[in-house]
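Grab your viewer and try each task before reading its solution.

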Amino acid sequence: LMKSLSTTAEAIHASTTMAIDSKAKQMKADGVDVVGFGAGEPDFRTPDNINMAAVAAICEGKTKYTPASGIIPLKKAVCARLKADCGVDYDFSQIVVASGAKHVVYVALAVLLDPGDEVIVPAPYWVSYTEMIKMVGGVPVEVLAGEGQGFKVTPDQLEGAITEKTKCVMLNNPCNPTGALYTGKELKALADVCVKHDIYIISDEIYYKLVYDGLDFVSVASLGEDIKAHTILINGVSKSYAMTGWRVGFAAADKHIAKVMSNFLSHSTGAPSTISQWASVEALNGPQEGIEAMRRAFEERRNYMYQRMNTIPGVSCIRPEGAFYVMMNIEKLLGRTIGGMVINSADDFAMAFLDKGLVAVVPCTGFGIDNFVRWSYATSMQNIKEGLDRL
């Protein structure tokens with residue numbers, strides 16, 4: 001018998017979003033007509049100006065190692081974009097580039113947490129947050145913000161979850177899986193609690209460009225110097241520019257935090273692909289009109305999905321204000337038998353819907369909430385209509 005593996009690593013669960021997704025892909029490969037709503041990525045192609053910048057980088061020999069935390073032109077482009085879009089001022093020395101926003105969140109947690117430190121995670125949350133916290137020896141403390149409160153955590157809930165071991169809070173705005181968008185006032189109230197207790201905020205703002213109903217996005221880092229000093233702002237190019245596979249995300253943080261994150265990267269992954277970095281410079285500095293066309297398409301799909309879903313008996317949803325997900329409430333279906341399967345949970349429903357309805361959605365048990373499934377509207381209107389017909 002060989003020695004056991006790391007108990008920390010053994011305790012990591014595979015991503016629930018991937019489980020249904022891989023089964024759906026297998027069915028598709030077998031020729032079954034499955035409609036998928038699992039994907040957390042835009043269905044649009046990366047804009048051509050960005051693609052051409054990558055080709056140019058290859059042809060010009062920009063294919064060597066870069067500094068571990070990214071090239072300076074990219075860091076400067078990030079600063080300019082954050083200033084223009086979010087009204088926050090950072091120096092390029094405060095920017096850390098890594099292999100996707102997910103990776104940046106992981107590195108941020110790795111540099112903040114000592115073993116046993118607690119991180120407050122408002123639920124529903126993106127599936128990877130709790131696992132990443134555990135991977136670096138931290139303890140996730142889940143605080144449920146249910147549908148009745150618009151899936152948004154309150155300052156009182158936050159205050160109530162703080163202990164002497166609390167090191168930071170995970171904030172995702174707009175939120176995956178709920179599409180909830182915090183107002184400036186709501187953010188300020190949460191941030192004030194954090195500053196009062198000297199708690200860091202990891203603010204994942206990857207969906208910041210995808211906001212609807214003419215609402216304004218507010219970055220928590222823009223709400224005051226004290227708040228900004230406590231914030232590690234996370235963003236990237238994947239959702240805004242349809243660049244999920246390019247793997248470029250970034251953090252903006254206090255200079256010392258940025259330095260420690262850079263050191264961590266220098267001994268773990270090093271920098272993301274040099275070619276992807278140059279493509280990202282073009283994404284951030286180049287024309288931004290493509291984003292708005294994409295955002296409008298998402299808004300139209302959201303409107304259709306929201307209206308239609310609420311006319312279907314047994315299910316309902318509230319209207320998301322950002323990102324590209326709808327949380328479908330299936331409480332009324334619990335205990336019912338659908339297609340010969342008894343529905344006792346969101347997992348049961350998702351399995352039945354895939355087997356009998358040939359539609360793939362994501363059960364939200366892995367997101368810290370029961371009785372909901374997540375639909376992504378990052379897919380064609382034709383697919384959305386077909387999926388709701390099957391529902």
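**Exercise 1. Which residues does Leu 109 contact, leaving aside its neighbours within four places in sequence?**

Start with the contacts themselves. Counting heavy atoms within 4.5 Å as a contact, Leu 109 touches Val 119, Met 132, Ile 133, Val 136, Cys 168, Met 170 and Ile 202.

Before going on, a word on the ground rules. This is a predicted model, where local features need pLDDT of at least 70, side-chain atom pairs count only at pLDDT 80 or more, and totals for chains, interfaces and linings use all residues. Residues are numbered from 1 along each chain as its sequence is written, and side-chain values use heavy atoms, with hydrogens and water left out.

Next, zoom out to the core. A nonpolar core is a set of buried Ala, Val, Leu, Ile, Met, Phe, Trp, Tyr and Cys residues joined through side-chain atoms within 4.5 Å; buried means under 20% relative accessible area with a 1.4 Å probe, protein chains only. The largest one has 83 residues, and Leu 109 and Trp 375 have the most contacts inside it. Helix 5 (residues 101-112) gives this core its largest share, eight residues; helices here are DSSP runs of H or I with at least four residues, strands are E runs of at least two, and both are numbered from the N terminus. There's also a second, separate core of 31 residues, with Ala 54, Leu 82, Val 97 and Val 248 among them.

**Exercise 2. How compact is the protein chain?**

First, list the parts: the chain has 14 helices and 14 strands. Then compare sizes. Its radius of gyration is 21 Å, close to the 21 Å from the globule rule for 391 residues, so the chain is as compact as a globular protein of that length. (The radius is taken over C-alpha atoms, and the rule is 2.2 Å times the number of residues to the power 0.38.) The C-alpha trace spans about 60 × 60 × 55 Å along its principal axes.

Of the 391 residues, 53% count as buried. Among contacts with a separation of 6 or more, 74% are between residues 24 or more positions apart.

**Exercise 3. How many cavities of 30 Å³ or more does a search of the whole structure find, and what lines the largest cavity?**

Set up the search: on a 1 Å grid over the protein atoms alone, a cavity is a set of points where a 1.4 Å probe fits but cannot get out, and lining residues have an atom within 4 Å of a point. Points are joined across faces, edges and corners, and a volume is the space filled by probe spheres set on them.

The search finds three cavities of 30 Å³ or more. The largest has a volume of about 120 Å³. Of its 16 lining residues, Pro 122, Pro 124, Asn 172, Cys 175 and Tyr 182 are closest to the centre. Strand 3 (118-123) and strand 5 (166-172) each give two or more residues to this lining.

Now sort by class, with Ala, Val, Leu, Ile, Met, Phe, Trp, Tyr, Cys and Pro as nonpolar, Asp, Glu, Lys and Arg as charged, and the others, Gly among them, as polar. That lining comes out as 15 nonpolar, one polar and no charged.

Methods
Buried means under 20% relative accessible area, exposed over 50%, partly exposed in between (1.4 Å probe, protein chains only). On a 1 Å grid over the protein atoms alone, a cavity is a set of points where a 1.4 Å probe fits but cannot get out, and a pocket is an open set with protein on both sides within 12 Å along at least five of seven lines; lining residues have an atom within 4 Å of a point.
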